[in-house]
Amino acid sequence: SLLGSQNYASVGFPPPDTEAKIVLVGDEENRGVGPNISGELWVRGPQVMKGYHNNDTATNNTLTSEGWLKTGDIAHYDENFEFYITDRLKELIKVKGFQVPPAELEEVLRDHPDIADAAVIGIPHKTSGEVPRAYVVSKNPELTEKEIKDFVKEKVAEYKRLDGGVEFIDAIPKNATGKILRRDLKDRFEAST
């Protein structure tokens with residue numbers, strides 16, 4: 001993992017003899033990007049594995065011919081080269097070809113004064129591929145789906161709007177470390193359709 005720092009929001013700096021770069025999702029040339037731009041975190045160094053035992057497909061999906069390991073983490077780094085992990089690549093919502101990180105929308109939702117907690121998943125949509133759907137723990141029983149959608153609409157690009165709807169729930173499902181169990185929410189959605 002990356003070395004720590006005094007900035008507790010970051011995961012720190014790359015360890016010695018380790019290279020790290022952020023690659024835009026879908027960039028066929030795999031170019032690294034500058035500070036404060038989100039993409040997939042790639043690392044290269046002596047501690048990176050050589051591959052998966054007897055599984056060339058998994059190895060080829062994870063390692064490049066130049067030795068970069070694709071972590072599957074969505075991340076960015078700041079001007080001090082401290083890295084921040086913000087999401088997982090497999091959890092990105094794909095809306096009309098755009099990549100929408102659920103964590104970004106969850107952060108917007110948690111800024112609402114009447115929302116105690118929130119989680120976002122992608123649900124299937126016939127013309128957009130997927131659209132974001134929010135699960136919200138409300139502090140205010142009067143809070144409506146329309147109010148939440150309007151709140152988000154003011155703060156995000158059109159393709160990031162909650163076109164998959166809003167559902168109020170008692171608690172966001174999380175594991176022991178506090179990670180949102182999005183698979184449980186997807187199962188809940190599928191069971192309701």
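The largest pocket holds about 420 Å³ of space. A pocket here is an open set of points on a 1 Å grid over the protein atoms alone, where a 1.4 Å probe fits and protein lies on both sides within 12 Å along at least five of seven lines. Its volume is the space filled by probe spheres set on the points, which are joined across faces, edges and corners. Of the 18 residues that line this pocket, T86, D87, A103, E106 and R182 are the closest to its centre. Lining residues have an atom within 4 Å of a point. β4 and α2 are the elements that give two or more residues to the lining. The largest share, 6 residues, comes from α2. By class, the lining has 6 nonpolar, 3 polar and 9 charged residues. Ala, Val, Leu, Ile, Met, Phe, Trp, Tyr, Cys and Pro count as nonpolar, Asp, Glu, Lys and Arg as charged, and the others, Gly among them, as polar.

The model is predicted: local features need pLDDT of at least 70, side-chain atom pairs count only at pLDDT 80 or more, and totals for chains, interfaces and linings use all residues. Residues are numbered from 1 along each chain as its sequence is written, and side-chain values use heavy atoms, with hydrogens and water left out. Helices (H or I, at least four residues) and strands (E, at least two) are DSSP runs, numbered from the N terminus.

R182 also belongs to helix α4 (residues 182–192), where R182, L185 and F189 are buried. Buried means under 20% relative accessible area, exposed over 50%, and partly exposed in between (1.4 Å probe, protein chains only). These three residues lie on the same side of α4, because they cover an arc of only 60° around the axis. The arc is that of the directions from the helix axis to the C-beta atoms. An α-helix has 3.6 residues a turn, so residues three or four places apart point the same way. The buried residues of α4 pack against β4 (83–88), α2 (102–110), β7 (115–125) and β8 (129–138).

Strands β1 and β2 run antiparallel and are joined by 5 bridges. Two strands pair if DSSP finds at least two bridges between them. V23 stands opposite E40 in β2. β2 also pairs with β3 (residues 69–77) in the antiparallel sense, over 4 bridges. There, V43 stands opposite L69. In β2, 5 of its 6 residues are buried.

R31 sits in the loop between β1 (19–23) and β2 (39–44). R31 is partly exposed, with a relative accessible area of 47%. Leaving aside residues up to four places away in sequence, R31 touches I22, V23 and L24; contact means heavy atoms within 4.5 Å.
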